[in-house]
Amino acid sequence: MLNVCAPSAEEQKEIAAALARVPKQPLFSADFEISHGRSTLSEPPNFLQPGSGAKMSDEPSVANYVRIRREFSVQALFSSVQYSFSNDGQNMIETLVLHVRDPKDLIQVSMEDSASAISSAEGMVAANTPASRIRLERFGKSSIALARCTGSENGPPPDQSAYDPLFRSASEVLANYRGLLGVRRTVPAELAQIPGTGTKASDKPKSAKPAANPAEEKK
């Protein structure tokens, strides 16, 4: 069982080191992929577990999604980066995953943020929502994860102030790659192409109000 609320000092160092290796000004190759669609989810996404602050339902949810994938040039540590946006009518979720080119210890780095569906997709992708979850997939070892944890019926939320630098670093990565991947422009345009997903004339972007788990974007 991953200790996502209070990773050890050694695990914190690994998270910090992995985030520091994400290129701020990457050289992308000409290869890319942009896709959109609709999927039925019988379970919450991997990162969203009960208590994460997002609204959950026992019923299967139908989510509209957009994915953007870019390849890094051959000299980069990472081979590719994939951004995903999904909206199931209750939660909007952004996930950024960077895949290592030659896995020896680290395989991939993932960051996620979510907000309850109180604004348009345009409002969500423009809101620079802070990262609420960070995960390292490692080769031949268990994963390492850090998440914003909420309180329970038996007590208040844990004090996670010691992890603020890690959340801040992950949020900066998310914000940077939102800009690099053209998320603000691409996500609304791709969602508009999904049948039955029209943007109403009366819908105006509002600031997205984070749902207990706050991430970011560069203008």
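**A residue and its neighbours**

Modeller: Leaving aside residues up to four places away in sequence, Q108 touches V97, L98, H99, V100, R135, L136 and E137, where contact means heavy atoms within 4.5 Å. This is a predicted model, in which local features need pLDDT of at least 70 and side-chain atom pairs count only at pLDDT 80 or more, while totals for chains, interfaces and linings use all residues. Residues are numbered from 1 along each chain as its sequence is written, and side-chain values use heavy atoms, with hydrogens and water left out.

Q108 belongs to strand β5, residues 106-116; a strand is a DSSP run of E with at least two residues, numbered from the N terminus. Q108 counts as buried because its relative accessibility is 18% (buried is under 20% relative accessible area, exposed over 50%, partly exposed in between, with a 1.4 Å probe and protein chains only). One of its neighbours, H99, makes a side-chain to side-chain polar contact with Q108 at 3.3 Å. Such a contact is a pair of N or O atoms within 3.5 Å; within protein, one must be able to donate a hydrogen and the other to accept it, and residues adjacent in sequence count only if both atoms are side-chain atoms.

Another neighbour, R135, has A145 in β7 as its bridge partner. Strand β6 (residues 133-138) pairs with β7 in the antiparallel sense over four bridges, pairing being defined by at least two DSSP bridges. Their hairpin has five residues between the strands, and G140 there takes a positive phi near 70°. From β7 (residues 144-147), I144 and L146 point one way, A145 and A147 the other, and all are buried.
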